[in-house]
Amino acid sequence: MPSGTIGEADGPPADGRQVWSGAAWEWPVAHAKAMVQAKITAAYDQRLDAGLAFGGKVLQLREKDQANLTAMGSEARWAQATNATWPPTFAWRMADDTFLPLPTAAAMIALAEAGKNEVLRLRMVKWGHDDNLALLTDPHEILAYDYSGGW
């Protein structure tokens, strides 16, 4: 029997964590939710890893990249606000290990904003799925939850 399905009444459970409901072996609600939650998180992480198309290249949006984008976006905003000189040769390393020229503070701000907006969009989708999953109480419904939408 595949992992994550509700078991049949005849035979042993597919997994020792399943419980007998009186008619079938079933996953406890908490375990079913944890399995689906892990899939939602994996879908979110996969989309972060895929990055965002920007300037004909792919901007990396992994968790470890987000702090760098935030920091340099802030630096660019300060440079723009104080009329400080921005290095005209500045470039951002993209997913393919090539560099995207960002010769102005405004260009860096645009890159950081695009990244921030995409991460926020993905988080909102993930949180929506998290909230929908939290409302479910039946293991059958939990395991059948479709988290593929909205990404």
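The structure is a predicted model, in which local features need pLDDT of at least 70 and side-chain atom pairs count only at pLDDT 80 or more, while totals for chains, interfaces and linings use all residues. Residues are numbered from 1 along each chain as its sequence is written, and side-chain values use heavy atoms, with hydrogens and water left out.

**Secondary structure**

- The protein has 4 helices and 6 strands, where helices (H or I, at least four residues) and strands (E, at least two) are DSSP runs numbered from the N terminus.
- Read from the N terminus, the order of elements is β-β-α-β-β-α-β-β-α-α.
- Leu-52 belongs to strand β3, which covers residues 52-54.
- With a relative accessible area of 17%, Leu-52 is buried.
- A separation of 10.0 Å lies between the C-alpha atoms of Leu-52 and Met-94, which are 42 residues apart along the chain.

**Largest pocket**

- A pocket is defined on a 1 Å grid over the protein atoms alone, as an open set of points where a 1.4 Å probe fits, with protein on both sides within 12 Å along at least five of seven lines.
- The largest pocket holds about 230 Å³ of space; grid points are joined across faces, edges and corners, and the volume is the space filled by probe spheres set on the points.
- Its lining consists of 13 residues, a lining residue being one with an atom within 4 Å of a point.
- Gln-66, Thr-70, Ala-112, Gly-115 and Lys-116 lie nearest the centre of the largest pocket.
- The elements that give two or more residues to this lining are α2 (63-81) and α3 (105-135).
- Helix α3 gives the most to the lining of the largest pocket, namely 7 residues.
- By residue class, the lining of the largest pocket comprises 5 nonpolar, 4 polar and 4 charged residues; Ala, Val, Leu, Ile, Met, Phe, Trp, Tyr, Cys and Pro count as nonpolar, Asp, Glu, Lys and Arg as charged, and the others, Gly among them, as polar.

**Salt bridges**

- The count comes to 6 salt bridges, each being a side-chain nitrogen of Lys or Arg within 4 Å of a carboxyl oxygen of Asp or Glu.
- Arg-62 and Asp-65 are joined by a salt bridge with an N to O distance of 2.6 Å.
- In that pair, Arg-62 is partly exposed at 25% relative accessibility, whereas Asp-65 is buried at 11%.
- Glu-113 forms a salt bridge with Lys-116, and the closest N and O atoms are 3.1 Å apart.
- Both Glu-113 and Lys-116 lie in helix α3, 3 residues apart, which is about one turn of the helix.
- Glu-113 is partly exposed, with a relative accessible area of 24%, and Lys-116 is also partly exposed, with 46%.
- A salt bridge of 2.9 Å (N to O) connects the side chains of Asp-130 and Lys-126.
- Asp-130 and Lys-126 both lie in helix α3, 4 residues apart, about one turn of the helix, and both are buried.
- Through salt bridges that share partners, Arg-77, Glu-113 and Lys-116 form one network.

**Nonpolar surface patch**

- Leu-120, Met-124 and Trp-127 make a nonpolar surface patch of about 320 Å², with accessible areas taken from the Shrake-Rupley method with a 1.4 Å probe, and for residues only the protein chains shown count as cover.
- Patches are made of residues with over 30% relative accessible area and no salt bridge; like charges are joined within 9 Å, and nonpolar side chains (Val, Leu, Ile, Met, Phe, Trp, Tyr) within 5 Å.
- Leu-120 is located in helix α3.
- At 45% relative accessibility, Leu-120 counts as partly exposed.

- Asn-83, although not a glycine, has a positive phi of about 55°.
- Asn-83 is placed in the loop between α2 and β5 (91-93), and Asn-83 counts as exposed at 70% relative accessibility.
- Asp-97, although not a glycine, has a positive phi of about 65°.
- Asp-97 is found in the loop between β5 and β6 (99-101), and Asp-97 counts as partly exposed at 49% relative accessibility.

Key. Buried < 20%, exposed > 50% of the residue type's maximum accessible area, 1.4 Å probe, protein only.
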